[in-house]
Amino acid sequence: MTMRRWSVAVIGLVVLLGVSWGTPKEPVGVLVEIQGSVQVRRHHSRQWFPAQINLPLYPGDSLRVGHDGLAVLWLSDGTMRCLKAGSRWTVPHPTASHPSMWQELWASLRRRWRLIPTQVFTTVAAARNFKLTFKGVTILFPRNSRILNERPLLDWHPVPGAQGYRITIGLFDRNPATWETVVERPPLRYPDDAPPLMPGKVYVWRVEAIGAIGSDSAWFTVVPSAEARDIRFTLQRLKERVSRPDAYAAIGANFLESRKCYSDAIRLIWQTVGRSPQNPAVQIALAQLYHLVGLSDESAPTNPTLEP
C-alpha cells in the first residue's frame, strides 16, 4: 500500500469514527503523565479539579501545575508538551492539517475513552490489581490475534518437570497439522525451512508438554505484507517522536489494538516497559489486551475474528 493509499485509508477511518478536529465537542489532547499537584479547569467552568491520567482535554481547557508538579500531554497533531512546576497553560484550538498517522493513533485512544469515559480511577485501580497467573502450559505469543511477522517467535509459559514440548501448527480448517517439531524449552522462532505462513489464513498452533501434564492451543493470522509494512512505519515514526518509553508503550499498544494486532501490542509493552508497568495508562492497555487474547480470568471469546 502506497503512502497516498494509506492516507486515504486514514481519512476513511477518521470519518467512520466521527472525528471532528475543528469542534470543541471532540478532545484534542490527553494527559499521559502526572506528578505532584496538577489541576484542570474546563473551558465552560470556573472550577478547578484534580487532573487524572488518560483525561481527555478540549480546546479552551486550562491546566495549572503546582510547585511540586509535572504534567505531560499528548496532542492530536502528534506533539508532546511538558508543563513544568508552577506553569499554567490553555489548550488551543487545533489548526487545520492534512490527515496523518497521528489521527489514526488518536482515533484508537478515543475509542478507549468511549469504553471508559469517566471511570478512570476505577479502571486504573482494577488494572493495578490485575495479576497474570498461569495454571500450566500457557501460550503467550501469538495468541488469538493478527500478527505482523511471517516468521513469528513462538512463546509459551513452561511447566515444571517437562522434558520438552511438542509444537504443531496447522490451518484452522484442516487436519492434520502442516508443521510439527519438538523443542526443549520456549521460545522458538518459526524456522525458515518450515512451510511459509500465508497472510490472511487462520492458523492454529498447539503446545504439549512431554513428560508432564499440560497443553494449550491458540489461533493467529498473519497481516498482509503491505499493511504490516505501514504499521511498522507508523510505530517507528511514533518511537522517534515520543521520548518517554511509557508514553510510547501506551500509544503504540493502542494503535496495534486498533489493528487487531493484540499479541504484538502485548509484546511491545513487555519489551518497552516490562511485564509489570507502573504507568496507569499502560496498565489499562495491558489488562485490556490480556482480556482480548484470553489471558485473563474473564477471557474474551477465542474464535477467530479477522476484520481489519
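What we are looking at is a predicted model, so let me begin with confidence. The chain averages a pLDDT of 78, and 74% of the residues score at least 70.

Now to the backbone. Most residues other than glycine have a negative phi, and most peptide bonds are trans. Returning to asparagine 144, its phi is positive, near 50 degrees, in a residue other than glycine. Is this asparagine buried or exposed? With a relative accessibility of 4%, asparagine 144 counts as buried, because the cut-off for that class is under 20%. The loop between strand 9 (138-141) and strand 10 (145-147) also holds proline 142, and the bond joining phenylalanine 141 to proline 142 is a cis peptide bond with omega at about -10 degrees.

A cis bond is also found from proline 186 to proline 187, where omega is near 0 degrees; proline 187 lies in the loop between strand 13 (179-183) and strand 14 (188-189). Lysine 260, which is not a glycine, has a positive phi of about 65 degrees, and its place is the loop between helix 5 (245-258) and helix 6 (262-273). Lysine 260 is partly exposed, its relative accessible area being 23%.

Let me turn to the interior. In soluble globular proteins, nonpolar side chains tend to be buried together. Which residues touch the most other members of the largest nonpolar core? In that core of 37 residues, they are Leu148, Ile231, Leu235, Leu256, Ile266, Ile269 and Leu289. At least two residues of this core come from each of strand 1 (29-35), strand 6 (70-75), helix 4 (225-241), helix 5, helix 6 and helix 7 (280-293). Taking isoleucine 269 as an example, and leaving out residues up to four places away in sequence, its contacts are Ala249, Ala253, Gly274, Val282, Ala285, Leu286 and Leu289. There is also a second, separate core of 24 residues, including Ile139, Val159, Ala194 and Val207.

Note on methods: Residues are numbered from 1 along each chain as its sequence is written. This is a predicted model: local features need pLDDT of at least 70, side-chain atom pairs count only at pLDDT 80 or more; totals for chains, interfaces and linings use all residues. Side-chain values use heavy atoms; hydrogens and water are left out. pLDDT is the predictor's confidence in each residue, from 0 to 100. Helices (H or I, at least four residues) and strands (E, at least two) are DSSP runs, numbered from the N terminus. Buried means under 20% relative accessible area, exposed over 50%, partly exposed in between (1.4 Å probe, protein chains only). A nonpolar core is a set of buried Ala, Val, Leu, Ile, Met, Phe, Trp, Tyr and Cys residues joined through side-chain atoms within 4.5 Å. Contact means heavy atoms within 4.5 Å.
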